[in-house]
Amino acid sequence: MSTQTVSTSAAFEVTVTTTPAEPCTLLRSRGPMPAVDVTVTTTCRLCSASHAHSGTGILRDMWEILLPKLEHTLWLKPGQEWVEAHAGECPLRPLLVEQYLTVGGATVDIKVVPESGSAAAECGGCPSTMAIDLPYISGDIESARRWAQAHAEKCRALPKPEVSR
Ligand SMILES: [Zn+2]
Ligand SMILES: [Zn+2]
């Protein structure tokens, strides 16, 4: 059995576990061919919830060719669908609690993680975040508000064209 990480992001990790399976005998002329069972696991880094799906009896040689290119196949799709659904359900996800309008017309978002109460603020117009500007200040709601107000008064950046958050 072997497990390897195939993709990671700030919020999710995808690992693939490969275990030897019964050899495949479909191609009689070639005799039994080594096969593997495969499990793809997608894990939320925030709450550790995970989703797994698997395939059985895959020709080992084929899988070894496929594995490095997995991100371009449909193998990761069920996990990606789960990630989209989980983003709205994760108990540790940051929730948008307040927004400030900047002089440039963008918004500064304050998000709070309900479980811990930790707050973060980021500008939707420019790359500024409270964490970048004031890394030494703890992420409570009051400091997030102070940063958001001060930033909103001076940021002239226009809203980013695509808002994906
Ligand atoms: Zn989660
Ligand atoms: Zn800004």
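Let's start with histidine 86: in this predicted model, histidine 86 is buried, because its relative accessible area is 6% and anything under 20% counts as buried. Cysteine 47, on the other hand, sits at 24% relative accessibility, so cysteine 47 counts as partly exposed. Both residues hold on to the zinc ion (ligand 1).

**The zinc site**
- The site is tetrahedral, with angles of 105 to 113° among the 4 donor atoms.
- Read along the sequence, the donor residues follow the spacing C-x2-C-x38-H-x3-C.
- Cysteine 47 and histidine 86 are 39 residues apart, so this pair links distant parts of the chain: cysteine 47 is in the loop between strand E3 (33–44) and strand E4 (50–59), while histidine 86 belongs to helix H2 (residues 77–87).

**The nonpolar cores**
- The largest nonpolar core has 14 residues, and those touching the most other members are Tyr100, Val108, Ile110, Ala121, Ala144, Trp147 and Ala148.
- At least two residues of this core come from each of strand E6 (107–112), strand E7 (119–123) and helix H4 (141–154).
- H4 provides the largest share, with 4 residues.
- Another core, of 12 residues, lies apart from this one, and its members include Val38, Ile58, Trp63 and Leu76.

**A look at valine 108**
- Leaving out residues up to four places away in sequence, valine 108 touches several others, among them Glu98, Tyr100, Cys123, Trp147 and His151.

Notes
Residues are numbered from 1 along each chain as its sequence is written. Chains are lettered from A and ligands numbered from 1 in the order in which they are written. This is a predicted model: local features need pLDDT of at least 70, side-chain atom pairs count only at pLDDT 80 or more; totals for chains, interfaces and linings use all residues. Side-chain values use heavy atoms; hydrogens and water are left out. Donors are N, O and S atoms within 2.8 Å of the metal (3.2 Å for Na, K and Ca); water is not among the atoms, so sites may look incomplete. Four donors count as tetrahedral if all angles lie between 85 and 135 degrees; four count as square planar and six as octahedral if opposite donors are over 155 degrees apart and all others between 65 and 115; anything else is irregular. Buried means under 20% relative accessible area, exposed over 50%, partly exposed in between (1.4 Å probe, protein chains only). A nonpolar core is a set of buried Ala, Val, Leu, Ile, Met, Phe, Trp, Tyr and Cys residues joined through side-chain atoms within 4.5 Å. Contact means heavy atoms within 4.5 Å.
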